[in-house]
Protein chains: 2
Amino acid sequence: MKWTELQTEACPVARGLSVVGDRWTMLVVRECFFGIRRFDQMQERLGITRHVLADRLRKLEADGVLRREAYQQRPLRHEYRLTDKGKALYPLLVTLIDWANTHVPAEGGSSVTLMSRETDEPIQPVLVDARTGSQITHRTVRARTREA
Amino acid sequence: MKWTELQTEACPVARGLSVVGDRWTMLVVRECFFGIRRFDQMQERLGITRHVLADRLRKLEADGVLRREAYQQRPLRHEYRLTDKGKALYPLLVTLIDWANTHVPAEGGSSVTLMSRETDEPIQPVLVDARTGSQITHRTVRARTREA
DNA sequence: TAGGTAAGTTCCCTTTCGGAACCCTTATGG
DNA sequence: CCATAAGGGTTCCGAAAGGGAACTTACCTA
């Protein structure tokens, strides 16, 4: 199976990864959540080659995760902003940060900590069911495969 | 920056992606959560080349996400199982499934639905703070960057 | 007019990937 | 005792993607 064929897969994991499963894509999304909007800033902060960054931004725009907007005329310049679909990736980003902070230790500790804006205390993310409030684990939930 | 240098990055997003940011890795992890443990089964179900699958399994084992265990002698055969670190990826997988089900529609609907084992009803995953129970969004949480 | 800024594009070379064939160990059947 | 099959890989090739660095285009400023 080729990578580009994943998009039309029935499995949502494959479909999701066809958008954000690339090596660089979630790092670009991270930068957007941090408020970085310009090409050169991203390129410098990420250490990605300009070539690949241009390609990722194009794909993210085509997939509706980012929106390209002119922020000045003469010379015409664009910046990149998260769409609603892109903003909906926040839980995924937070979950990834939490997993890495717990299970992939860095020398000298993590450089990013998640803080509540309200209480200014560190938060502890947990995935729960909106209906019942009970925690979601592989023991309490099963993934039902629809036999088409 | 090269991909292999991400592992030692300070940013947890980069560290996390150094483990699961590959095109195929989360699909392999998905198979493990579905109970698939054998090389040939994975290869057939995923449509990945044997070459790349062998490489990913090696890396996942080296990263402590999977454990390689003999399930028979003569001839010696191994299977792959999730470690605790691997099982801790469940919320990431669920969050990805939920995002894709909502934002990356498939023709004919999603093939995978998340169901509660207890009530047998579909679940709606939400990420909340364990302490306060309030929902985590990019409005309520900020990522504090530690200036080393 | 020289230099600077922002957002890309082009070129070259290396690494990775997809596809298919091959290998090794042991069990099974004729 | 030779052929075939199962399971878990490895090897080889050509194609695609990625890293690095230089170049381009359009404007602005000194």
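Visitor: Which residue of chain A comes closest to the rotation axis?
Guide: This is a predicted model, where local features need pLDDT of at least 70, side-chain atom pairs count only at pLDDT 80 or more, and totals for chains, interfaces and linings use all residues. Residues are numbered from 1 along each chain as its sequence is written, chains are lettered from A and ligands numbered from 1 in the order written, and side-chain values use heavy atoms, leaving out hydrogens and water. At 2.3 Å (C-alpha), the residue of chain A that comes closest to the axis is L127(A).

Visitor: What rotation superposes chain A on chain B?
Guide: Copies are superposed by least squares on the C-alpha atoms of residues with pLDDT of at least 70 in both. The shift along the axis is 0.0 Å and the RMSD is 0.0 Å, with a rotation of 180°. The two copies are thus related as by a two-fold rotation axis.

Visitor: How far is the polar side-chain atom of R56(A) from a phosphate oxygen of DNA strand D?
Guide: A polar contact is a pair of N or O atoms within 3.5 Å; within protein, one must be able to donate a hydrogen and the other to accept it, and residues adjacent in sequence count only if both atoms are side-chain atoms. For R56(A) it is 2.6 Å.
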